[in-house]
Amino acid sequence: MKSPVRKMFDGIASRYDFLNHFLSCYQDVLWRRYCCKRLKKMMCGMPRDLNKVRLLDLCGGTGDFANTFRKIFESGCMCARDFVVDPAVIGDFSYGMLAEVKPKKIDAHAVQLDAMKMPFAERQFDVILNGFGMRNVPDARGALMESYRVLDEGGYLCVLEFFSPRNLFNKFFYKVLAPLFIPVMGAFFSGKRDAYEYLVNSIIRFLPVDQFCKMAEESGFEVKQVKMFDGGISFGVFLHKPGKA
């Protein structure tokens, strides 16, 4: 039986990208670009010779993050290495979201999966992206540990997320402004007000970024960087799996 959350994402899939861009004033595009550029810089500095990148876009939805990653990594510049990105794996629990990948003609395989129990062997990927999906997983610790398992030694996990608000600006934005305008705009453009009420509430209920980082360290990761975007509306968390040089 389909879970209510999965059914909700299936129902908003066709308008998901547009509303992400509209509601964030296209800042989400810039956040993804920053994360991919930062990952490329980190990987340029890796001592081991890694030119072919195996990518998993986890909770990847319609594939926006994977598409941005490929464009950034294969654009040249930044370092002497010429990266080649293997056809990405875009994994999500929502079939409706994954159905939106094909029209974009992304070089990727769309796989419906459970982020806490992935159908992959250990150490299958060099980079895992997770954009705005970690807070929708029932067990964030389980998803971190499973990401650690399928990530190769020396690889990176980048989590771009809306974390639970802690400073005054965040609290005002997410507890006063967001509940007023996000469900209204979501209802206007998608007809799914309840879905966007859920999205706001999921942010408030989620972990603050410092607690998430502590959980990641307990799962075996090194926290390499935490980047705050737009006063803390979102954060990019860059995690490294120690090991191979």
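**Close-up 1. The side chain of R6 reaches the backbone oxygen of F93 at 3.1 Å.** This is a predicted model, as are all the views below. R6 has its place in helix α1, which covers residues 4–23. Setting aside neighbours within four places in sequence, R6 is in contact with F93, S94 and Q112. With a relative accessible area of 29%, R6 is partly exposed. For a sense of scale, the C-alpha atoms of R6 and K71 are separated by 29 Å, and these two residues are 65 residues apart along the chain.

**Close-up 2. N170 is buried in helix α6.** The helix spans residues 168–190. N170 has 4% relative accessibility, so it falls under the 20% limit and counts as buried. Beyond its neighbours within four places in sequence, N170 touches P165, K175, G231, G232 and I233.

Close-up 3. F163 and F235 form an edge-to-face pair, with 6.0 Å centre to centre and 70° between the planes. The pair links distant parts of the chain, 72 residues apart: F163 is in the loop between β7 (151–161) and α6, while F235 is in strand β9 (residues 234–240). F163 is buried at 1% relative accessibility, and F235 is buried too, at 11%.

**Close-up 4. Here we look at an aromatic cluster and at charges over rings.** Ring pairs link W31, Y34, F132, F162, F169, F173, Y174, F181, F229 and F238 into a cluster. The charged end of K227 sits over the ring of Y34, 5.2 Å from its centre. K241 lies over the face of Y148, 4.5 Å from the ring centre.

Key. Residues are numbered from 1 along each chain as its sequence is written. This is a predicted model: local features need pLDDT of at least 70, side-chain atom pairs count only at pLDDT 80 or more; totals for chains, interfaces and linings use all residues. Side-chain values use heavy atoms; hydrogens and water are left out. Helices (H or I, at least four residues) and strands (E, at least two) are DSSP runs, numbered from the N terminus. Buried means under 20% relative accessible area, exposed over 50%, partly exposed in between (1.4 Å probe, protein chains only). Contact means heavy atoms within 4.5 Å. A polar contact is a pair of N or O atoms within 3.5 Å; within protein, one must be able to donate a hydrogen and the other to accept it, and residues adjacent in sequence count only if both atoms are side-chain atoms. Rings of Phe, Tyr and Trp (its six-membered ring) pair if their centres lie within 6.5 Å; planes under 30 degrees apart count as stacked, over 60 as edge-to-face and the rest as tilted. A charge sits over a ring if NZ of Lys or CZ of Arg is within 6 Å of the ring centre and within 35 degrees of the ring normal.
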